[in-house]
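This briefing covers a sheet, a helix pair and a single helix. Please read it alongside the structure shown here.

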Amino acid sequence: MKEISLAELNKLQKDTYILVDIRDEGLRTYGMIPGAISIDFDREPEEIQSDIAKLPYDKKLIFYCDVGRKTRDLDEDLVSQGRDCYSLEGGYIGYVRASMANEEDAEEKRQKAEQSIRKKFHKQLFTPFAKACKTYKLIEEGDHIAVCISGGKDSMLMAKLFQEIQKHRQCNFELTFLVMDPGYNEDNRALIESNAKALGIPITIFESDIFDTVDTIEKSPCYLCARMRRGYLYSNAQKLGCNKIALGHHYDDVIETILMGMIHGAQIQTMMPKLHSTNFEGMELIRPLYLVRESDICAWRDYNELHFLQCACHFTDTCSTCREDGTTSSKRLETKKLIASLKKDNPYIESNIFRSVENVNLDTVIEYKKDGVRHNFLDEY
């Protein structure tokens with residue numbers, strides 16, 4: 001398919017073309033180009049053609065994916081139906097990088113993003129962030145915290161919230177904003193650097209060959225990748241004098257993990273707000289976004305017109321954040337939809353799932369594990 005650059009696109013009258021996002025639903029939740037529509041291409045050709053046929057025939061169709069590869073290879077016979085069709089060069093990431101190129105705009109974005117945390121989204125973002133830090137004692141006097149930045153919306157916001165809470169000076173602690181490059185392609189690496197610069201986050205980057213290592217693994221590569229990334233983060237944070245690493249998991253991650261553990265793992269467990277490292281003595285992992293809702297993170301991102309990276313692994317080039325349990329983005333998206341469906345009948349479903357692991361009655365549990373040892377109710381019956 002013919003390619004069109006962003007510069008060429010910007011010269012066109014907006015009423016002469018339609019932008020069509022062909023990425024999957026999980027990727028689209030991380031942002032779309034303004035004005036674009038979405039068409040699911042993971043379906044039968046007849047269904048795709050039916051959706052395209054509904055679009056005005058007098059307009060050019062400009063398709064985009066994440067980096068421009070999939071749309072470039074689209075079958076024109078499938079999508080054109082006699083119309084001018086183009087693939088957007090660089091895809092969504094190319095669009096995001098271009099939007100971050102102007103340093104004057106970047107400074108304006110930084111100021112707006114920080115002001116929105118203090119004013120418009122203070123109750124939704126800073127308040128639950130500070131509450132989690134206080135409730136679970138995540139920040140303590142003398143801490144040196146490695147704020148681990150993957151390049152996604154969650155970790156970037158977490159970095160800004162850490163900068164904000166440090167200004168309150170309720171206790172003395174240091175921050176290092178740590179980025180691990182496990183083998184990103186050039187576009188994704190540049191996107192992380194551009195966003196960090198625009199938001200005023202002074203990142204420290206170190207490189208690893210994790211993606212190359214797991215490329216040859218057939219079974220559970222995401223599990224191995226996540227474990228290796230965690231180990232590299234601990235190791236490098238410790239070398240920098242840190243005693244804690246902070247990850248950007250939020251409230252929705254917690255409730256999804258609880259439900260997925262039951263449905264897919266036949267177990268009841270939660271994502272802890274903090275835990276000690278078993279392999280790196282004196283190191284802790286903390287999750288300060290533990291009480292922050294994902295919808296509020298998205299609202300902050302969209303209000304500030306920010307665009308972030310997902311994971312960009314070698315397997316799909318657009319994989320969602322790797323999970324240690326090996327769960328895929330499709331399973332997590334499936335769980336999100338299940339919770340949303342249950343919420344229609346029970347508006348308290350999310351808080352009930354969250355609180356369920358705070359209200360475990362061991363007298364009614366058949367068997368449980370403590371420090372790796374199994375205990376059965378018959379032991380004391």
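The expected span of a helix is 1.5 Å times one less than its number of residues. That rule is applied below to helix H9 of this model, which is predicted.

**Helix H9**
- Helix H9 covers residues 153–167, and its 15 residues should span 21 Å at 1.5 Å a residue.
- The end C-alpha atoms of H9 are 22 Å apart, which agrees with that expectation.
- Of the 15 residues of H9, 13 are buried, so the helix is largely enclosed by the rest of the structure.

**Sheet**
- An open sheet is formed by five strands in the order E1-E5-E4-E2-E3, with parallel pairing.
- Strand E1 (3–4) and strand E3 (37–38) are the edge strands, each pairing on one side only.
- Three bridges join strand E4 (residues 60–64) to strand E5 (residues 85–88) in the parallel sense.
- Leu-61 has Cys-85 in E5 as its bridge partner.

**Helices H13 and H16**
- The axes of helix H13 (residues 251–265) and helix H16 (residues 349–356) come within 9 Å and cross at roughly 70 degrees.
- Angles of 65 to 115 degrees count as roughly perpendicular, so H13 is roughly perpendicular to H16.
- H13 contributes Tyr-251, Val-254, Ile-255, Ile-258 and Leu-259 to the contact.
- On the H16 side, the contact is made by Glu-350, Ser-351, Ile-353, Phe-354 and Ser-356.
- By class, the contact of H13 with H16 comprises seven nonpolar, two polar and one charged residues.

Conventions
Residues are numbered from 1 along each chain as its sequence is written. This is a predicted model: local features need pLDDT of at least 70, side-chain atom pairs count only at pLDDT 80 or more; totals for chains, interfaces and linings use all residues. Side-chain values use heavy atoms; hydrogens and water are left out. Two strands pair if DSSP finds at least two bridges between them. Helices (H or I, at least four residues) and strands (E, at least two) are DSSP runs, numbered from the N terminus. Axes are lines fitted to C-alpha atoms, for helices over the stretch in contact, and angles run from 0 to 180 degrees between N-to-C directions. Angles under 35 degrees count as roughly parallel, over 145 as roughly antiparallel, 65 to 115 as roughly perpendicular and the rest as oblique. Contact means heavy atoms within 4.5 Å. Ala, Val, Leu, Ile, Met, Phe, Trp, Tyr, Cys and Pro count as nonpolar, Asp, Glu, Lys and Arg as charged, and the others, Gly among them, as polar. Buried means under 20% relative accessible area, exposed over 50%, partly exposed in between (1.4 Å probe, protein chains only).
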